[in-house]
Amino acid sequence: MTETVTANGFKLDTGGQRVVVDPICRIEGHLRIEVNVDDNNVIRNAVSTGNMWRGLEVILKGRDPRDAWAFTERICGVCTGVHALTSVRAVEDALGIQIPENANHIRNLMMLAQYTQDHLVHFYHLHALDWVDVVSALKADPKATSTLQQSISSWPKSSPGYFRDTQARLKRFVESGQLGPFANAYWGSPAYKLPPEANLMAVTHYLEALDFQREIVKIHTIFGGRNPHPNWVVGGMPCSFSLNENGAINMEWLNLVSSIIDRSINFVDQVYIPDLKAIASFYKEWTYGGGLSSKNLLSYGDFPNVANDWSQDNMLMPGGAILNGDLSKVHEVDVRDPEQIQEFVTHSWYKYPDENQGLHPWDGITVPNFVLGPDAKGTKTDIKQLDENAKYSFIKAPRWRGNAMEVGPLARYVVAYARGDEEIKDQVDGLLHDLDLPLPAIFSTLGRTAARGLECSWAAHKMRYVFDNMMANLKAGDTATANMDKWEPNTWPGDVKGVGHVEAPRGSLGHWVHIKDTKIENYQAVVPTTWNASPRDPAGNIGAYEAALLGTPMADVKQPLEILRTVHSFDPCLACSTHVMTPDGEELASVKVR
Amino acid sequence: MGIEQTFYEAMREHGITRRSFLKFCSLTAAGLGMGPEFAGKIAYALETKPRTPVIWLHGLECTCCTESFIRSGHPLASDVILSMISLDYDDTLMAAAGYQAEEILEQTIAKYDGNFILACEGNPPLNEDGMYCIQGGKPYVEKLRRMASHCKAIIAWGSCASWGCVQAAHPNPTRATPIHKVITDKPVIKVPGCPPIAEVMTGVITYMLTFDRFPELDRQGRPKMFYSARNHDKCYRRPHFDAGQFVEHFDDEGARKGYCLYKVGCKGPTTHNACASMEWNGGLSWPVKSGHGCLGCSEDNFWDRGSFYSTVTDLNVAGRVEATANKVGGVLAGAAAIGVAAHAAASVISHLKDNNKGGASHD
């Protein structure tokens with residue numbers, strides 16, 4: 001039909017064939033992608049749709065703010081704990097609570113453990129099958145796989161016999177004719193580039209990583225009682241240290257934490273990173289999927305080295321914003337400034353009094369409004385094609401100073417790189433050197449995937465650093481884990497607002513809370529996938545998924561492998577992005593929904 | 001519970017000839033990029049007992065059940081998926097997407113009608129014609145109903161599928177509804193918890209595969225082997241409760257000594273689950289052992305029973321209970337005998353609650 005250029009500079013063409021992928025699997029939650037491809041099967045238009053709404057903030061209204069972490073933790077069980085931490089930070093900010101150093105160390109440790117486990121599971125179990133052909137692994141010579149493995153890593157599980165055993169198991173599985181989660185997929189597609197021996201290595205590590213990931217989360221079990229969904233508390237952590245009593249975290253458990261850290265570092269550095277490099281080396285030509293990443297990136301920064309100091313200098317992962325690809329300037333981000341973060345619903349299934357106005361989360365409102373546009377095809381309960389010129393997603397459109405932003409590991413890495421963080425720079429430059437690629441190569445689907453791998457290693461090593469700091473603090477005699485001075489609601493001010501932010505594995509996450517007369521008056525969350533999977537805004541800016549898909553050639557439009565690759569590189573979490581916000585349960589209840 | 005029919009037998013029953021069956025095997029082998037010699041092997045496998053097909057659907061949820069499932073230490077999740085069941089559909093883990101993914105559902109109905117297990121994580125919202133959870137352009141509840149009508153039995157994973165959980169908390173804006181209230185003509189086993197313990201999940205599956213039936217269920221449809229005791233009954237801190245030794249605030253002296261968490265809101269006395277006996281993540285710890293009270297996450301509507309930090313055991317039975325618990329809690333501090341009385345009160349409350357629920361939720 002027509003060719004247009006978006007406000008953020010992307011060329012769209014809504015002619016050609018429309019391809020719908022729904023559901024996008026191997027993600028958290030329910031996501032739909034529609035694209036238009038031209039005569040050469042190149043994607044010229046992309047539409048990202050959040051397919052679910054749960055209304056958690058409606059549910060939070062009127063509740064005890066000390067309970068909010070448990071509700072918000074259930075926003076997502078994949079990135080478990082991240083909403084809980086954001087929530088306790090928001091409430092502590094509102095009530096002016098300072099947490100003990102140990103609580104800060106434990107929270108950092110738990111969040112770093114989450115990065116390590118989450119990134120590992122994402123790479124092997126949610127993303128690898130976009131690059132790795134499982135069936136091709138059957139054709140591998142286990143000796144060649146062993147040689148390959150031993151040439152890239154000192155990981156001990158590398159004998160020909162080991163890979164032969166895995167291959168035999170896989171063969172039995174495939175020969176059974178019951179392919180389970182591997183059924184009906186895209187095996188044999190020309191888009192797969194790995195030789196059989198590399199495929200066998202990756203499939204073997206798919207299984208190894210599945211077994212190992214459950215070790216990493218034991219750090220949550222020790223400090224938070226279980227995983228998924230460990231426990232937290234406003235004012236610090238619910239666990240106590242007791243080096244002299246038999247009733248709390250003692251030397252044995254601390255030794256276990258230390259041991260898990262060592263094993264995590266080994267696994268990530270000897271299995272994940274070598275696999276990542278090996279796989280990437282076969283896909284260097286596949287340079288697609290950059291989208292917004294070479295333009296606008298956002299990170300709040302996280303992991304305060306010292307408790308209660310939110311300055312970027314104190315962050316182990318420094319944050320900021322990059323605009324228009326200008327790496328020479330990192331902009332400061334203020335989550336309290338009503339002019340900076342705003343959300344729009346022009347193209348979202350919600351209603352605002354003024355549909356073209358953005359609202360800061362402290363002032364935000366949400367009333368669901370599920371209507372299809374005039375050009376949508378199908379019916380209300382059997383949608384064939386959405387109309388992206390109207391409302392088309394349960395995800396709102398958050399913007400920073402009016403700009404659509406990409407968040408996540410790549411955003412964090414580019415921001416930290418631009419800030420001159422030595423560790424991050426060494427990692428990035430080292431990887432690019434090993435793969436013989438220039439810096440701009442990271443603005444791509446593979447760059448996103450690579451940044452996540454580097455960050456997994458970074459997080460595993462940072463666990464050691466934080467653990468050692470915590471032990472030094474304990475040695476100095478400070479064993480406190482919780483500050484209960486303002487635990488009782490009668491010590492709280494009558495009307496306060498607070499904000500908490502976390503760099504979650506998938507990107508920048510913020511919770512904004514308004515507490516009135518000791519109860520939650522309003523609670524809102526703007527989450528990583530809200531940024532990345534964002535629909536269009538009234539100015540016409542497209543979101544990060546939509547931008548990243550443009551220009552990508554598909555080998556076969558019936559096999560959406562390329563779409564999966566790029567969308568998976570963001571590690572979507574739809575339960576997070578689409579629980580979305582509302583301050584006013586009553587207002588919602590008045591909406592006629594049937 | 002067992003699947004007597006092999007895939008081959010099921011196909012024959014549907015009027016498919018042996019010739020067509022063998023052709024299907026050849027096509028499957030070719031589709032997998034393997035030589036014709038594999039067709040015979042596939043045919044042999046399909047003629048003998050197959051792994052039980054499992055269709056794992058996701059409604060409104062947070063995926064914590066899947067995450068918990070893959071934490072299982074015995075058996076390992078990889079062994080369950082590769083050797084015990086055939087996880088033919090699970091949108092969180094499956095390689096295919098879009099049309100290829102949804103096609104598997106119809107294939108499953110064709111091949112295994114009445115013979116597959118439907119595992120439900122999350123629940124369907126019924127407001128807005130079901131469109132608060134859209135899958136393939138249609139309401140999730142449609143997909144759930146279609147698959148349920150052809151399945152053998154349903155596993156309701158977690159508190160979302162069993163009770164409604166967080167999105168069904170007041171005022172339940174999407175009208176999120178537990179599985180047994182939408183599907184009323186199939187056996188449902190509830191495996192509640194937010195999430196359930198990993199080894200409880202794999203334990204339920206392996207029991208069903210081993211014994212060809214559901215484990216024995218209680219009146220609310222939960223397997224007795226995991227949900228018949230309250231966490232309080234098996235709690236290792238119980239002697240401190242009986243001795244009237246309580247944590248008054250997080251990280252106080254009592255917390256460091258591992259005293260009872262009843263007064264900082266522990267819901268163990270009214271929570272039926274296996275946390276205290278099996279513990280989490282390979283038997284390493286559980287919430288109470290780490291220092292936080294039990295949230296009661298395996299109980300119906302645990303979100304709407306007052307604050308997680310209030311020393312109240314059940315707000316559903318109103319003032320009487322609140323008064324009892326507060327009053328007893330106030331006297332408790334040093335008196336062992338009254339501690340037992342408080343526990344007795346909590347037990348009665350829990351018992352009342354079960355009685356209230358028993359009839360309505362019986363499946």
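This is a predicted model: local features need pLDDT of at least 70, side-chain atom pairs count only at pLDDT 80 or more; totals for chains, interfaces and linings use all residues.
Colleague: How many helices and strands are there in chain B, and what makes a stretch count as one?

Modeller: Chain B has 17 helices and seven strands. Residues are numbered from 1 along each chain as its sequence is written, and chains are lettered from A and ligands numbered from 1 in the order in which they are written.

Colleague: What makes strand 2 and strand 7 of chain B edge strands?

Modeller: Five strands of chain B form an open, parallel sheet in the order 2-1-3-6-7. Strand 2 (85-90) and strand 7 (188-191) each pair on one side only. The twist from one strand to the next averages 20 degrees.

Colleague: How do you know that strand 1 and strand 3 of chain B pair?

Modeller: Pairing requires DSSP to find at least two bridges between the strands. Strand 1 (residues 52-58) and strand 3 (residues 117-121) of chain B run parallel and are joined by five bridges, so they pair. Leu57(B) has Cys120(B) in strand 3 as its bridge partner.

Colleague: Which helix lies across strand 7 of chain B, and at what angle?

Modeller: Helix 10 (residues 198-211) of chain B runs at about 155 degrees to strand 7, and lies across strand 1, strand 2 and strand 6 (153-157) as well.

Colleague: Why is helix 4 of chain A called roughly parallel to helix 9 of chain A?

Modeller: Helix 4 (residues 101-127) and helix 9 (residues 251-282) of chain A pack at about 30 degrees, with axes 11 Å apart. Angles under 35 degrees count as roughly parallel, so helix 4 of chain A is roughly parallel to helix 9 of chain A. Thr116(A), Leu120(A) and Phe123(A) of helix 4 make the contact with Ser264(A), Val268(A) and Tyr272(A) of helix 9; contact puts C-beta atoms, placed from the backbone, within 7 Å. By class, these residues are four nonpolar, two polar and no charged.

Colleague: What makes a residue of chain B buried, and what percentage is?

Modeller: A buried residue has 20 or more other C-beta atoms within 10 Å of its own. Of the 363 residues in chain B, 57% are buried.

Methods
Axes are lines fitted to C-alpha atoms, for helices over the stretch in contact, and angles run from 0 to 180 degrees between N-to-C directions. Helices (H or I, at least four residues) and strands (E, at least two) are DSSP runs, numbered from the N terminus. Angles under 35 degrees count as roughly parallel, over 145 as roughly antiparallel, 65 to 115 as roughly perpendicular and the rest as oblique. Two residues are in contact if their C-beta atoms, placed from the backbone, lie within 7 Å. Ala, Val, Leu, Ile, Met, Phe, Trp, Tyr, Cys and Pro count as nonpolar, Asp, Glu, Lys and Arg as charged, and the others, Gly among them, as polar. A residue is buried if 20 or more other C-beta atoms lie within 10 Å of its own, exposed if 12 or fewer, and partly exposed in between; C-beta atoms are placed from the backbone.
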